Amino acid sequence: MYNKRSKFLTFMVTAGMVFFYVPIILLIIYSFNYSKLVPVWGGWSTRWYDVLFQSEALWNAVSLSLRIAIVNATFATILGTLAGLAMVRFGRFRGRTLFGGMLVAPLVMPEVITGLSLLLLFITLKQLIGWPSERGFTTITIAHITFSLAYVAVIIQARLAGMGQTLEEAALDLGAKPFRVLIDITLPRLAPGMAAGWLLAFTLSLDDLVISRFVTGPGGNTLPILIYSRIKTGLKPDINALATIMILFVAACVAIAALIMFRQHKKTMQDELIANQS
Amino acid sequence: MLARLLRKMQSKWRTIVIVIPFIWLLLFFLAPFFIVGKISLAELKIASPPFTEMFDWKDGGFPKIRLVFDNYLYLWEDSLYFRTYLNSLKISIISTFICLLIGYPIAYGIVRSGPITKQLLLFAVILPFWTSFLLRVYAWMGLLADQGTINNLLIWIGLIDEPIRMLYNEFAVYVGIVYTYMPFMILPLYANMEKLDGTLNEAAADLGSKPTNTFFNVTLPLTMPGIIAGSLLVFIPATGEYVIPDLLGGGNVLMIGRLLFNEFSANTDWPLASAVAVVLLILLVLPMTIYQYYQGKATEAEA
């Protein structure tokens with residue numbers, strides 16, 4: 001199949017890449033624009049980065065968003081990994097269809113529905129048991145974990161399906177207890193998937209606007225909520241600077257994650273080769 | 001004896017592994033929908049004050065059961081909601097179709113690239129998916145604005161004298177949806193196409209089939225699962241989209257996600273917002289079920 005790409009396909013791929021990246025590149029270029037009006041070029045400058053670093057509201061938002069993202073990613077990875085194991089390795093169990101449905105639905109559910117429904121849940125819970133007493137960090141984190149764990153579960157399921165059970169079966173044949181097999185073989189082999197899942201959950205949380213806006217309370221301004229309130233009325237040069245930092249940060253994280261996955265993939269192939277030979 | 005103990009321990013671990021995420025999803029994903037359903041049937045004690053006042057005049061003398069379907073009746077009677085649902089469906093169907101038309105050849109082109117180019121292109125498609133959705137939408141505000149990059153460029157070339165209005169209308173919403181949801185179309189298509197057996201195309205060619213013929217009779221039917229998965233991944237969330245119509249459409253484009261949010265935040269009418277959500281969910285249940293069916297089949301095929 002290789003290198004049999006017609007001119008039309010080459011054109012579409014090239015045009016697609018231009019379409020994907022030109023808006024982002026322009027956004028980055030204009031962050032170095034001196035002019036207060038974003039699209040009017042006033043010469044190169046880093047003044048908007050200075051403006052950015054002096055904003056206290058921004059740092060509060062960054063701190064809140066990072067704390068939520070880290071707690072969310074950790075819990076989502078644990079829950080998502082358990083869910084993935086349950087779906088792929090446990091065969092049939094009672095409620096599997098419902099469980100599978102609840103794992104897939106958050107991926108496509110419109111955010112306005114998830115956001116509204118979680119807000120109404122929190123309000124009902126507060127009336128019933130007095131918790132959560134105020135909305136903010138806790139409620140946003142719970143909401144994020146709920147949709148992030150579904151994404152983690154997808155990654156874990158794909159990885160579990162891809163890595164087969166040869167090594168686990170070999171260990172069981174040699175007399176290892178199932179729990180030891182899980183700790184010594186399955187989890188280490190799942191680690192790159194879990195790392196990728198953690199990173200994805202982390203970025204999803206940093207990125208979420210709609211659900212956070214529903215379940216937040218007074219003072220609970222996450223970074224996207226802050227950005228949104230700034231850009232609602234038009235283009236803001238300091239937001240271009242902020243966007244540049246965020247985009248480069250995420251790109252670096254993803255590149256590292258891709259590298260880890262690639263290396264691990266090679267190692268897994270070697271392990272399996274050895275397992276099959278012996 | 002030992003074996004039984006072992007099995008018992010194993011089943012205990014098994015139960016724990018299943019039960020923890022199960023309970024989390026039941027509590028924070030499924031239960032909230034029942035609460036939305038309940039509140040959409042006008043529970044006055046939960047509603048905020050503005051809502052109570054709005055319905056007080058109707059409440060007088062009537063049995064409480066009369067109130068129950070008021071929100072849904074209102075949705076039915078006020079043509080604004082009907083038009084908004086219809087417009088949301090129209091916009092997301094057309095966007096899905098555009099995504100498919102552009103995304104299909106891109107995915108096919110990536111599959112047919114050399115091994116290293118393929119990995120790089122795949123990475124390039126996935127990367128925007130990781131970067132902020134909000135900022136990618138914001139980037140288009142800069143491109144489409146009256147004083148934006150595209151208009152400036154066209155005026156500089158001399159093609160136009162006056163800026164073309166591209167922001168704050170339906171066109172901008174289409175651009176935004178196609179741009180942000182494109183990876184959701186390309187990735188399932190790619191996953192599907194990569195498994196295709198290239199020898200089938202060769203066999204068709206050997207037997208004298210023209211390339212267009214081969215495409216419509218061999219490739220297209222075989223990539224149907226990818227087309228369906230990708231289309232649903234774009235269509236379902238796009239129908240309830242809030243950020244894109246709000247930022248790129250201004251106040252000029254009717255979409256149900258935006259209306260729902262406004263009922264909730266600007267009008268603080270939570271029961272009505274709930275009713276809007278319930279109707280939206282009913283509209284999307286069928287596509288979601290189809291997506292789930294294909295997703296389940298894909299996982300089983302891999303395992």
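Modeller: A helix is here a DSSP run of H or I with at least four residues, and helices are numbered from the N terminus. The model is predicted.

In these terms, A:A76 belongs to helix 3 of chain A. With a relative accessibility of 0%, A:A76 counts as buried. Leaving aside residues up to four places away in sequence, A:A76 touches A:T81, A:I145, A:S148, A:L149, A:V152 and A:A201. Its C-alpha atom lies 42 Å from that of A:W44, a residue 32 places away along the chain.

Helix 3 of chain A, which runs over residues 56-89, also holds A:L79. A:L79 is buried, at 6% relative accessibility. The neighbours of A:L79 come from two chains: A:I145 and A:L149 on one hand, and B:I20, B:P21 and B:W24 on the other, with residues up to four places away in sequence not counted. A:I145 and A:L149 are also among the residues that A:A76 touches. The C-alpha atoms of A:L79 and A:A153 are 8.1 Å apart, although 74 residues separate them along the chain.

In total, 95 residues of chain A are in contact with 93 residues of chain B. The size of an interface is often given as the accessible area lost when the parts come together. For chain A and chain B the buried area is about 8700 Å², and carbon and sulfur atoms account for 80% of it. The polar part of the interface can be listed briefly. One salt bridge is found across it, and eleven residue pairs, both partners at pLDDT 80 or more, are in polar contact. On the side of chain A that touches chain B, the element that gives the most is helix 1 (residues 7-30) of chain A, with 14 residues. Sorted by class, that side of chain A has 72 nonpolar, 14 polar and nine charged residues.

The salt bridge joins B:D246 to A:K232, with 3.6 Å between the closest N and O atoms. It counts as a salt bridge because the cut-off is 4 Å between a side-chain nitrogen of Lys or Arg and a carboxyl oxygen of Asp or Glu. B:D246 is part of helix 12 (residues 243-247) of chain B. At 4% relative accessibility, B:D246 is buried. The side chain of B:D246 also makes a polar contact with the side chain of A:Y228, at 2.3 Å. Beyond residues up to four places away in sequence, B:D246 touches A:Y228, A:K232 and B:R258.

A:Y228 in turn is one of the buried residues of helix 10 of chain A, which include A:L223, A:P224, A:I225, A:L226, A:I227 and A:I231. Helix 10 of chain A (residues 223-231) is mostly covered, with seven of its nine residues buried. Within chain A, these buried residues pack against helix 3, helix 8 (178-207), helix 9 (210-215) and helix 11 (237-277). From chain B, helix 6 (133-144) and helix 12 take part in this packing. Helix 12 of chain B is the element that holds B:D246.

A:Y228 also belongs to an aromatic cluster that spans the two chains, together with A:F214, B:Y242, B:F261, B:F264 and B:W270. Over all chains, the count of aromatic pairs comes to 28. One of these is the stacked pair of A:F53 and A:W59, with 5.9 Å between the centres and 20° between the planes. A:F53 is partly exposed, at 46% relative accessible area, and A:W59 is partly exposed as well, at 39%. In chain B, B:Y181 and B:F184 form a tilted pair, 5.8 Å centre to centre with 40° between the planes. These two residues are three places apart in helix 8 of chain B, so about one helical turn separates them. B:Y181 is buried, at 7% relative accessibility.

The peptide bond from A:W131 to A:P132 is cis, with omega near -5°, and A:P132 sits in the loop between helix 5 (111-129) and helix 6 (137-163) of chain A. In chain B, B:Y168 has a positive phi of about 65° although it is not a glycine. B:Y168 lies in the loop between helix 7 (149-157) and helix 8 (170-194) of chain B.

Note on methods:
Residues are numbered from 1 along each chain as its sequence is written. Chains are lettered from A and ligands numbered from 1 in the order in which they are written. This is a predicted model: local features need pLDDT of at least 70, side-chain atom pairs count only at pLDDT 80 or more; totals for chains, interfaces and linings use all residues. Side-chain values use heavy atoms; hydrogens and water are left out. Buried means under 20% relative accessible area, exposed over 50%, partly exposed in between (1.4 Å probe, protein chains only). A polar contact is a pair of N or O atoms within 3.5 Å; within protein, one must be able to donate a hydrogen and the other to accept it, and residues adjacent in sequence count only if both atoms are side-chain atoms. Contact means heavy atoms within 4.5 Å. Buried area is the accessible area (1.4 Å probe) that two parts lose on being put together, summed over both. Ala, Val, Leu, Ile, Met, Phe, Trp, Tyr, Cys and Pro count as nonpolar, Asp, Glu, Lys and Arg as charged, and the others, Gly among them, as polar. Rings of Phe, Tyr and Trp (its six-membered ring) pair if their centres lie within 6.5 Å; planes under 30 degrees apart count as stacked, over 60 as edge-to-face and the rest as tilted.
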